[in-house]
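Please look over the sequence and the structure shown here before reading on.

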Amino acid sequence: MEWRKLLATNSARLLNLGLRSATLGTRFLFIFFLAKYLDPASVGYYGIFTATVGYAVYFIGLDFYTYVSREILKTPTEQRGKLLKSQAALSGVLYVALLPVAIVLLAQAGWPGHLVWWFLPILVLEHFNQEISRLLIALSEQLTASIILFIRQGSWALAIIAFMVFYTNARSLGAVMALWAMAGVLAAGVAVWKLKRLKITGWDLSIDWVWLKKGIAVSTAFLLATLALRGIQTFDRYWLEALGGIELVGAYVLLLSVAGTLLTFLDAAVFSFAYPALIQHHYKGEHLVARKKVKLLLVQTLLMSVVFGVVSWLLLPYFLDWIANPVYQNHIHWYPWLLSAMTINALGLVPHFALYARGEDKPIIYSHVAGLLAFIGVTWAISGQYSALAVPIGLNVAFSFILFIKSISYWALIRKENNITPIVLQV
């Protein structure tokens, strides 16, 4: 029986990795086809649009999942429906309060008109699907979460690639947004179907406003940290546009998308399995086991980062030659800076998940705020000398601050518990 259980677990992990890899591969190809068939300005607007949607999701969701992910695991199954119903009620209130504000701000942003109209439906779909995916991961349903991820990120990207290749009329941001929205609707349908099959009960119980109030107090602190972290990778695009124009944003988005696939791959292969386990080990008091898993997490992150860095750097020139647009080729020197920033970001996630699993939220919050302040300060200080390159340099400084603060905090926590040098620093 043990070997059957092990086989099933490994098969699920491999399938999950396959789906995530398929999503990763599709998104990797998508950004290159987008750069091939659309002008750099359109690629730049796409990058600003996606970053803004991602940033707005956190205002709508209030980062409440950080609270729910820990609470749901220690709540009896018959009570979980009440928690999710309460979370849904909170989201409804936030939609009513914040969406009118978003409309007003977007009207002043200077975007092409059709992008403004696509913003709200895509925002709603992204928020719903993201929250359900996070819930499924917390409940160790990583495979279903990966299926939903592929539908909402990979399927439509694959479809638009085919359309752009064979139909010149599909080579527009409007077509991209339409397929994105259609995939979001399909992913939401699958998410609702899976949620019903989990047979979570307690939906008939009344909304727990006391629990919500407590959760808001916890998640609001996390929201500050998340907005600071996401702000780094949202403001960078707007700042770059101000320094060099929307075409440079297109080149930046292409190169950053390549470097950022490292985080997507690590999330699929490592992080999505590691942090639910770390949370459970913490609640069971299995701190030694958790520490060993953090050490393994660090080793895996380092190895994957090195392999990804070498392979992507060797292949990137060939992809840029295929696109054959000088805007992208002339800025390939940005890639080492962006790859370095994403690698530092990935390493920072190791102590991040270790701290998060133990409920040590303050170092996470402080590090993200410090990172944002470092990004703003450094980019502003050197933009006169380095112009647009100041943004990638600022990213490296910001993520280095975050990595340092989280690592020191985790080291101090382990030393306080055992009065020994933590395993994570012995690698």
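This is a predicted model: local features need pLDDT of at least 70, side-chain atom pairs count only at pLDDT 80 or more; totals for chains, interfaces and linings use all residues.

Residues are numbered from 1 along each chain as its sequence is written, and side-chain values use heavy atoms, with hydrogens and water left out.

**Overall fold**

- The protein chain has 14 helices and zero strands, where helices (H or I, at least four residues) and strands (E, at least two) are DSSP runs numbered from the N terminus.
- For 427 residues a compact globule would have a radius of gyration near 22 Å, and the 21 Å of the protein chain agrees with this; the radius is taken over C-alpha atoms, and the globule rule is 2.2 Å times the number of residues to the power 0.38.
- Along its principal axes, the C-alpha trace of the protein chain spans about 55 × 50 × 45 Å.
- Among contacts with a separation of 6 or more in the protein chain, 83% are between residues 24 or more positions apart, a contact being heavy atoms within 4.5 Å.

**Burial, surface and charge**

- Of the 427 residues of the protein chain, 53% count as buried; buried means under 20% relative accessible area, exposed means over 50%, and partly exposed lies in between (1.4 Å probe, protein chains only).
- The accessible surface of the protein chain comes to about 19,100 Å², with 68% of that belonging to carbon and sulfur atoms, as given by the Shrake-Rupley method with a 1.4 Å probe, where for residues only the protein chains shown count as cover.

**Aromatic pairs**

- A search of the whole structure finds 20 aromatic pairs; rings of Phe, Tyr and Trp (its six-membered ring) pair if their centres lie within 6.5 Å, and planes under 30 degrees apart count as stacked, over 60 as edge-to-face and the rest as tilted.
- The ring centres of Tyr55 and Phe235 are 5.7 Å apart and their planes stand at 70°, so this pair is edge-to-face.
- Because Tyr55 lies in helix H2 (residues 40-61) and Phe235 in helix H8 (residues 209-244), the pair ties together parts that are 180 residues apart in sequence.
- Tyr55 is buried, with a relative accessible area of 14%, whereas Phe235 is partly exposed, at 35%.
- Tyr252 and Trp334 also form an edge-to-face pair, with 6.3 Å from centre to centre and 75° between the planes.
- This pair links distant parts of the chain, 82 residues apart, with Tyr252 in helix H9 (residues 246-283) and Trp334 in the loop between helix H11 (326-329) and helix H12 (335-357).
- Tyr252 is buried, with a relative accessible area of 0%, and Trp334 also counts as buried, at 2%.
- Ring pairs also link Phe30, Tyr46, Phe49, Trp111, Phe119, Trp156 and Trp180 into a cluster.

**Single residues**

- Trp313, found in helix H10 (residues 287-323), counts as partly exposed at 39% relative accessibility.
- Leaving aside neighbours within four places in sequence, Trp313 is in contact with Ile332, Tyr335 and Pro336.
- Ala324, in the loop between H10 and H11, has a positive phi of about 60° although it is not a glycine.
- Ser387, in the loop between helix H13 (362-386) and helix H14 (390-418), has a positive phi near 55° and counts as partly exposed at 38% relative accessibility.
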